[in-house]
Amino acid sequence: MLADPAVSQTSMCSYWLSPVCGVLESPSMDDHQDSSLVVGVGLCDSAPLLWRLQDLKTVRSLGLVGALLGSLPRTPRQNQRLGRPLLLLPEEEKLLRDEEAAGALPGQNQDVGGVELQRRFEEDQQRSFEEQSVLALEDRKSALLRAMTSSHTGESALRRRLEALDHSFTFPQSAMAVQLSTARAGLSYCPEARAHLQANWPIREQNSPRSDARCQVFRDLRGRGFFLTSAGKFGGDFLVYPGDPLRFHAHFIAVCLMLDESVCLLDVLAVARLGSNVKKTVLLCSP
Amino acid sequence: MGFSENGKQYLLPEEALYLMECGNVQVFYRDLPLSIQDGYERFLSSATVSLQQYQVFGHLKRLGYVVHRFDPSSEPSSYARQLNLPQSRDRAGRQLKRKRSPSPTATCSYTEAPVEPTVEKMEEDKCSLEGDHVKKLAASPDIQTATTSGSDEGRSWWTTDDLGASDKELHHSPTSRSSRWDFSSIPFPDVGSSERHPSCLAPPEPSLLPGDLTVGVCDIASWRRKINLRMVKMSSKEQKREEDKRRRRWDVNKDREVRRCRNWAEYHELLARRQRKRKGRPAHLWNREVTPLHDPRQPIPTGELLDKISVIKSTHLLEGASRLKGSEEWRICFNVYQPDTVADFKKSNPGKPYSRMCVCSFDGPVPDLRVIKLLAFQSGDIPVVFAVVDHGDISFYTFKDFQLPTDVFP
């Protein structure tokens, strides 16, 4: 289940499997902070999303899991395995920003490269069309040959058709297969300079004491090597995995409380019952 | 999915994005195809469809349901449902309601209370008399207001903005002019001020009055006597005198509550009630001997007995829901129809939806009873499902109306 390395370089292709599987092969990148690996975060409706394949690998190597939201291009009509974009938790986004490992992607209205992009697009289309018409012709010929060898009657008619094919074959434009890119096309053409990315990070701080508490708990548990994901379904704040979520089940449900917050005993009982039903230990955490 | 209008086929943004993700549709903007990232960033926003709503939409569509946007105005009201009216459906169900802008004539042709310039302003206004535009007003001679003077400045604010021009035609109906009022130039009389003031208001401009109506001067002297009154301090003898006068004038039949009593028994009740109130005991408390609600020696069926001794009345979810006003955060987003194999769904006649979705998140508050009542009322007889989005996971919750069973043998 390796992502094909030849294709994963371009961010234009969206047909390949979830990149998460490819990252498992290199677990030693945990503490490796390459200065060139800056993750570009796009904002959609004030939610931080990751679009590029390399960004997803980087983020996974840092121990941040996130959640995939989009349809998987190969099998779009199922909900078991989803594809890009990757949604980051607010704590994950804050962690990336504080370690200066992430920056905002440039926005959409880049008219500077507009004409250039269009020219490139048209060139790519033309090249793709030519390749596809050659392949279509070969495909047709091989189909006819197979028909000739399999059926013993009408061989001469088929042979004549084969010879006429070279002259009269046309590949219509409307039959061409086109490729829809997942990440924005223009980005793969410009180098990822750190300054270029971090220029306009919009400040969306929600400085409530609760979110501070959550952030500190996240940092602490992440620092101890646990992987954390969101746990709304389980009635807590985070699900704590001892390793990569693809390998393990969660061992803990972390509920974040503030230091001076008083908790009703009934709530503690309810969350304890829930934890025992799903075979997880409930952690009450406060910074 | 989609709808057609003006002969063209349109797609809603969430539908277009979903088809792009499935690889069935390519969207072009400025001759370049949009990538999926562009689609997310352009089509999804809190103004149109938010990211969470799109997640729910995509999830349901991938499972095979048919998901349409919810339009509250297309649902029949409870009264219409009671009458069982046949549903009328137009082809493009998503047309915007025609906005009715207020007609510009409405504001100018209808004049409010006649606005007259105050005395002070008029005396300062040394505006020249426009010879042919002076109105002959039926003003009594002892008025010092300059109503007789050609106070076109004060009088012509309703016709134009530009007050300085001299050849205004006051006979023009106001509807022909644009109604931009300059309120700083409209003088309102301060009739309540204690300064020296005329006791009459001049009549309004006849051109503003409808038809042949003529209005004379308005005498406000009696009214002005009633305002700005001060409390009079009375000596004790004076107070006693007032008290006696009041008591002599007081008639028991003038009391409104006494008048409401129809017979002597009720009057006695009223007196008793007032007596008790004075003692401090609430009127609704039982003050006689306490006896059982039902005499056990009398046989009645169990059902009736339960009704007799019941204290709490049971209610249902929609009770009182029609009075609730809508709120901004909680609203039904989608209608969900079952896939074609299970129910017959046609674009022209979708039929009843399977359920309605309201999208929220675990970060937000849990819907309270008021919200549940409101949404259930809006939805009618179709259950409302809350789709709670939590960073990529969606959980569906619904509330069911439930009556406690009573174990009664018939």
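How many salt bridges are there between chain B and chain A? The count is one salt bridge, a term that here means a side-chain nitrogen of Lys or Arg within 4 Å of a carboxyl oxygen of Asp or Glu.

Before selecting anything, note that this is a predicted model, in which local features need pLDDT of at least 70 and side-chain atom pairs count only at pLDDT 80 or more, while totals for chains, interfaces and linings use all residues. Residues are numbered from 1 along each chain as its sequence is written, chains are lettered from A and ligands numbered from 1 in the order in which they are written, and side-chain values use heavy atoms, with hydrogens and water left out.

**Stop 1: the two chains**

Color by chain and start with chain A. Its secondary structure comes to nine helices and nine strands; helices (H or I, at least four residues) and strands (E, at least two) are DSSP runs, numbered from the N terminus. Chain A has 287 residues, and 41% of them count as buried. Buried means under 20% relative accessible area, exposed means over 50%, and partly exposed lies in between (1.4 Å probe, protein chains only). The accessible surface of chain A is about 16,300 Å², with 55% belonging to carbon and sulfur atoms; such areas come from the Shrake-Rupley method with a 1.4 Å probe, and for residues only the protein chains shown count as cover. Taking contacts in chain A between residues at least 6 apart in sequence, 64% join residues at least 24 apart, where contact means heavy atoms within 4.5 Å.

Now select chain B, which has 13 helices and 11 strands. Of its 410 residues, 31% count as buried. Its accessible surface comes to about 29,600 Å², of which 53% belongs to carbon and sulfur atoms. For contacts in chain B between residues at least 6 apart in sequence, the share that joins residues at least 24 apart is 61%.

**Stop 2: the interface**

Select the residues of each chain that touch the other. Chain B gives 35 residues to the contact and chain A gives 42 residues. The two chains bury about 3,300 Å² between them, 52% of it on carbon and sulfur atoms; this buried area is the accessible area (1.4 Å probe) that two parts lose on being put together, summed over both. On chain B, pick out Gln37(B), Arg62(B) and His391(B), which supply 24% of the area that chain B buries against chain A, more than any other three residues.

Next show Asp393(B) and Lys233(A), whose side chains meet in a salt bridge (3.1 Å, N to O).

The elements that give two or more residues to the side of chain B that touches chain A are α1 (13-22), β4 (32-33), α2 (36-43), α3 (51-63) and β11 (393-398) of chain B. The largest share, six residues, comes from α2(B).

**Stop 3: helix α2 of chain B**

Zoom in on α2(B). Seven of its eight residues are buried: Ile36(B), Gln37(B), Asp38(B), Gly39(B), Tyr40(B), Glu41(B) and Phe43(B). What do the buried residues of α2(B) pack against? They pack against β1 (39-44), β2 (47-50), β3 (67-70) and β4 (83-87) of chain A, together with α1 and α3 of chain B.

**Stop 4: salt bridges within the chains**

The whole structure has 23 salt bridges over all chains. Go to Glu91(A) and Arg214(A), a salt bridge with the closest N and O atoms 3.0 Å apart. Glu91(A) lies in helix α4 (residues 90-98) of chain A and Arg214(A) in helix α8 (residues 209-223) of chain A, 123 residues apart. Glu91(A) counts as buried because its relative accessibility is 5%; Arg214(A), at 15%, also counts as buried.

Asp237(A) is in the loop between β6 (227-230) and β7 (238-241) of chain A, 23 residues from Arg214(A).

Finish in chain B with Glu266(B) and Arg262(B), a salt bridge with its closest N and O atoms 3.2 Å apart. Glu266(B) is partly exposed at 23% relative accessibility, and Arg262(B) is exposed, with a relative accessible area of 73%. Returning to chain A, select Glu91(A), Arg210(A), Arg214(A) and Asp237(A) together: salt bridges that share partners join them into one network.
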